[in-house]
Amino acid sequence: MLQLVDVKGRPALAFAGLVIVAVALAVLPFVLTGIGTFWVRITNLAILYCLLALGLNIVVGFAGLLDLGYIAFYAVGAYVYAMLASPHFGLHLPFWIILPIGAAVACVFGVLLGAPTLKLRGDYLAIVTLGFGEIIRIFLNNLSQPINITSGPQGIARIDPFRIGTFDFSRTSSILGLTFTGPMKYYYLLLVVLLVVIAINLRLQDSRIGRAWEAIREDEVAARAMGINTRNMKLLAFAMGASFGGISGGMFSAIQGFISPESFILVESIMVLSMVVLGGMGNVWGVVIGAVLLSFAPELLREWVGPVQQAVFGRTLLDPEVIRMLLFGLALVLMMLFRPAGILPSALRKRELETRRTAG
Amino acid sequence: MDIFLQQIVNGLTLGCVYAVVALGYTMVYGIIQLINFAHGEVVMIGAMTAYSVIVALTGAQVPLPPVAIVLVGALVAMPVCMGVGYALERTAYRPLRGAPRLAPLITAIGLSIILQHLAMIVWTRNPLSYPQIIRQVPIHLTGNPDGATITNVQIAIIVASVMMMGALLALVYRTKLGIAMRAVAQNPSIAGLMGIDINRVIALTFVIGAALGAVAGVMVGSYYGIAHYQMGALLGLKAFSAAVLGGIGNLAGAMLGGLLLGVIEALGAGYVGELTNLCRLSGWFDALAQRCASDPNVTLFGSNYQDVFAFIVLILVLVFRPSGLLGERVADRA
């Protein structure tokens with residue numbers, strides 16, 4: 001956990017902290033709705049990015065395999081959901097059936113990508129995964145001919161929201177006298193999913209599998225000598241990372257109601273990678289912080305950059321979008337130069353990056 | 001046959017550009033085992049700078065022949081790109097020499113995002129259409145008046161590329177700097193002990209690669225007639241694929257890989273539609289025959305898949321012959 005306050009041996013303090021955080025998270029959507037409903041939507045997207053970053057963290061942070069095409073799995077999950085729950089094919093399966101299918105399909109793609117690239121070294125792997133992500137996007141863009149599968153650049157619209165019986169996640173309803181809008185319901189759902197995923201990640205990190213990944217990341221040859229089946233472990237990392245991506249993709253699809261290949265471009269992959277790098281590769285809490293920071297930063301910029309420029313220069317010189325991308329680029333460069341282990345470095349990563357630097 | 005010849009000509013032209021860009025990747029990789037991910041962006045900046053120069057010169061009605069204007073554009077683009085190349089090496093790569101492999105790769109990604117968006121601020125986000133000041137004159141290769149042609153621009157690109165490759169080979173194998181570069185590539189610390197200024201040699205390698213990239217950018221711009229702030233990413237990836245195909249770190253390999261990739265891409269784009277036309281199978285299914293009666297081109301994959309070929313080639317090479325066509329098998333340095 002965050003070591004800001006030493007809570008060891010003070011269970012009451014730890015419990016109080018936990019309660020405060022829980023209450024804050026529960027009340028958050030009501031506060032945000034007060035500012036503007038769109039902030040709830042932004043928070044939802046931020047949680048989706050947390051999920052994606054946690055998935056990528058398994059591949060990059062735990063197993064040390066740099067994946068630059070991670071968004072492809074998100075796309076696969078999103079398209080599986082869109083095809084099975086929209087008027088596009090006239091299928092309307094419930095989400096608890098589609099999400100596992102999406103995860104499984106993304107998992108298959110993960111293994112498909114992983115299998116031929118097992119022997120590659122880090123930087124080659126990065127380029128191949130980048131190519132893989134582009135291939136998926138090109139196919140999504142073009143598979144509207146001769147049979148319309150993905151409906152090409154137009155994308156798929158009118159995707160079903162999550163529904164349990166008559167309880168519809170996209171509609172406003174009142175429960176116990178409180179009004180819950182669609183985005184608020186999704187917020188609670190996403191929050192639960194996020195907590196589950198964080199728990200899985202934390203458990204995974206300390207498990208036999210997690211330790212095997214760590215060993216592979218540190219020294220693959222030594223790991224193999226210790227009896228770790230490096231091939232299976234690397235494939236497992238790809239498969240698990242991909243499944244998390246697939247699940248997030250499915251939820252993205254349902255929340256947005258519309259998807260097109262535009263949402264799954266290379267920049268998105270790089271953004272998720274920036275979140276992992278900024279937060280601290282291999283550190284679950286660091287990654288969550290990185291994802292939250294980088295998903296809210298552009299929105300805050302959008303709010304402030306325009307007016308500030310108006311006030312200083314009298315006109316808008318730079319688009320907030322451009323500033324956002326420049327900041328991402330700078331964040332990647334500066335983090336690597338001055339704090340290569342991230343905001344919250346994992347202990348091992350930190351030791352590794354610092355000793356190697358002084359040694360090399 | 002004419003289509004085949006035409007695709008070969010187009011492929012060779014494109015291949016020459018890939019080869020020149022690939023040289024930039026392969027030189028840097030050969031000397032410090034680093035993928036200069038931002039090299040594609042250097043090419044883009046070359047194309048954009050030359051665009052500005054050409055537009056300014058034609059706008060000012062400078063009495064120069066069109067070829068000279070393009071040459072001036074290239075000559076201005078080269079020092080600009082050399083500066084960018086040097087800045088990249090100095091800020092993002094030199095401080096991380098000796099760091100784990102992922103670190104410089106990530107700074108390189110960051111820098112290419114920064115360069116792209118700076119270019120977008122300077123040259124807007126719209127595609128810029130290169131002024132077509134050089135009139136493209138097709139020259140027929142066969143007796144057929146509708147047959148394969150090669151234009152003067154294509155000839156110029158091929159000739160310029162071959163000259164640059166020759167000059168680079170002469171530099172690397174015939175000059176003192178070339179000897180120093182090869183020594184640093186073999187063993188930097190021993191090269192340092194022999195009195196070679198390693199930092200200077202590495203910086204010069206980046207600068208030379210960037211100069212080649214600048215010319216490649218001008219060639220792409222004048223060939224396609226368009227420049228865009230995102231043009232570098234895909235071009236860079238393809239050139240990198242070419243370098244891997246030929247054996248990264250190997251100069252001759254980059255040239256061979258570039259030419260091969262250009263031809264593969266052109267032939268692939270030219271023939272994939274025909275090869276995957278489902279109407280060839282119309283004898284097998286009645287439904288298909290009916291559809292083909294109304295529309296004879298039920299193709300599975302069309303030429304819009306052109307960009308996929310480079311990646312497929314890259315993946316196949318890395319799986320079956322990671323050292324590339326001309327590369328030596330090197331020990332895994334993890």
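Residues are numbered from 1 along each chain as its sequence is written, and chains are lettered from A and ligands numbered from 1 in the order in which they are written.

**Stop 1: chain A**

Select chain A and switch to cartoon. You'll find 13 helices and six strands (DSSP runs, H or I of at least four residues for helices and E of at least two for strands, numbered from the N terminus). Its radius of gyration is 21 Å, close to the 21 Å that the globule rule gives for 360 residues, so chain A is as compact as a globular protein of that length. That radius is taken over C-alpha atoms, and the rule is 2.2 Å times the number of residues to the power 0.38. Along its principal axes, the C-alpha trace of chain A spans about 55 × 55 × 50 Å.

The average for chain A is 82, and 91% of the residues score at least 70. Where pLDDT is low, the predicted coordinates should not be read in detail.

**Stop 2: A:Ala82**

Stay on helix H3 of chain A and pick A:Ala82, which sits in it. Is A:Ala82 buried or exposed? A:Ala82 is buried, because 31 other C-beta atoms lie within 10 Å. The cut-offs, with C-beta atoms placed from the backbone, are 20 or more other C-beta atoms within 10 Å for buried, 12 or fewer for exposed, and partly exposed in between. Leaving aside neighbours within four places in sequence, A:Ala82 is in contact with A:His88, A:Ile156, A:Ile159, A:Ser253 and A:Ile259; contact means that C-beta atoms, placed from the backbone, lie within 7 Å.

**Stop 3: chain B**

Select chain B, with its twelve helices and four strands. The C-alpha trace of chain B spans about 75 × 55 × 40 Å along its principal axes. Of the 334 residues in chain B, 49% are buried.

**Stop 4: where the chains meet**

Show both chains. The contact takes 37 residues from chain A and 40 residues from chain B. On the chain A side, helices H5 (122-142), H10 (266-279), H12 (320-338) and H13 (347-359) each give two or more residues. H5(A) supplies the largest share, twelve residues. The chain A side divides into 25 nonpolar, six polar and six charged residues (Ala, Val, Leu, Ile, Met, Phe, Trp, Tyr, Cys and Pro count as nonpolar, Asp, Glu, Lys and Arg as charged, and the others, Gly among them, as polar).

**Stop 5: the core**

Which residues touch the most other members of the largest nonpolar core? Pick A:Ala53, A:Val272, B:Ala19 and B:Cys81, out of 220 residues in that core. Helix H1 (residues 2-32) of chain B brings the largest share of this core, 17 residues. A nonpolar core here is a set of buried Ala, Val, Leu, Ile, Met, Phe, Trp, Tyr and Cys residues joined through C-beta atoms within 7 Å.

Finish by zooming in on B:Cys81. Not counting residues up to four places away in sequence, B:Cys81 touches B:Val42, B:Ile45, B:Gly46, B:Ala210, B:Ala211, B:Gly213 and B:Ala214.

How values were computed. Predicted model: local features only at pLDDT ≥ 70, side-chain atom pairs only at ≥ 80, totals over all residues. Contact = placed C-beta atoms within 7 Å. pLDDT = per-residue confidence, 0-100.
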